Amino acid sequence: MRTEWLESFLVTAATKSLTKASEQLHMTQPALSKQMRKLEEDLGVTLLIRTATGVQLTKAGEALYEDIQPVLQEVRSIRKKLLNMQKNSELTIGTWPSIASYYLPYKIAEAREAKQDVNIKIAYDMDDLFNQLATGKIDAAMLDDSLMKHSYWSKPVYREPFYLFVNKRHPLAKQDGKHIHFRQFKDEPLVVLPPSCDVRMLVEQAYKMHGEHLTISAEIDFAQSIIGFISANLGISILPEIFTHTIDRSVIKVFPIADFKIDRQISLVAPNPEIGKMIDSLILQ
């Protein structure tokens, strides 16, 4: 049982509405409903009765609502005490290699000037990031979590567009204009990252939004290896803007995609709001 589920239950019970509660909690209604189902399954009782006008508490729900409030208040107090201790200890953020290489170092340098030590753990799999978050191996994660259902605290940090990366000898490199349109490359096979990476998920999502099927020429675990493939004119790829900082522009040409319909939004994901807001204020502001 997670304290987040209990906090969500209190808000739902107070508002007597899943819709109003989800708005206050800044989460979707299906995600809140899932939390309530898991809480009921974990406790083995029915807590809420869904009605046409909202929700009503069962007798078990009323008992939990009354008894759990002082317990959660004590948990919040303990969290606050531990948080104050953690501010003076090391923090570990899990993320993708690109963010670890080209975004976080500058933030970490600023944090160290403020006497805060920050470590980075590299991950290549979204499930791995969430598993490390669940087991406490990392204090927070940075990734695009928009296509992943979860109950953690999350805050958008920055947004970046996608670019088409081609070798300058590739026929697409000869097209006129600073931008390229989806129809110009939609049938080209791409070199892609694994399915468990947010970049791959978002690229596939964009193709679906265009009503097209993504054709894959090769699947490679590391984005830097994809850059190597493009440099050797062994394929083309669609990657976020952050990778434009790593290329040799005498060999590779990048095109902003005028109508790709999707961006990558990197968010800070943490086990609870207290830790998330603390890391956000210490490192990312």
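In the predicted model, D280 is placed in helix α10, which spans residues 273-284, and it counts as buried, with a relative accessibility of 9%. The side chain of D280 meets that of K155 in a salt bridge with an N to O distance of 2.5 Å, and this pair links distant parts of the chain, since K155 belongs to strand β6 (residues 153-160) and lies 125 residues from D280.

The structure holds eight salt bridges, among them one between R50 and E40, whose closest N and O atoms are 3.7 Å apart. Because R50 lies in strand β1 (residues 48-50) and E40 in helix α3 (residues 29-43), this pair ties together parts that are ten residues apart in sequence. R50 is partly exposed, at a relative accessible area of 38%, while E40 is buried, at 13%.

A further salt bridge is formed by R200 and E219, with the closest N and O atoms 3.1 Å apart; R200 lies in helix α8 (residues 198-209) and E219 in strand β9, so that parts 19 residues apart in sequence are tied together. Here R200 is buried, with a relative accessible area of 7%, and E219 is partly exposed, with 46%.

On the surface, I122, Y124 and F222 form a nonpolar patch that has about 280 Å² of accessible area together. Of these residues, F222 is found in the loop between β9 (216-219) and α9 (223-231) and is partly exposed, its relative accessible area being 39%.

Technical notes. Residues numbered from 1 in each chain as written. Predicted model: local features only at pLDDT ≥ 70, side-chain atom pairs only at ≥ 80, totals over all residues. Heavy atoms only, no water. Patch = residues over 30% accessible without salt bridge, like charges linked within 9 Å, V, L, I, M, F, W, Y side chains within 5 Å. Areas by Shrake-Rupley, 256 points an atom, 1.4 Å probe, with all protein chains shown as cover. Salt bridge = Lys/Arg side-chain N within 4 Å of Asp/Glu carboxyl O. Helix = DSSP H or I, 4+ residues; strand = E, 2+ residues; numbered from the N terminus. Buried < 20%, exposed > 50% of the residue type's maximum accessible area, 1.4 Å probe, protein only.
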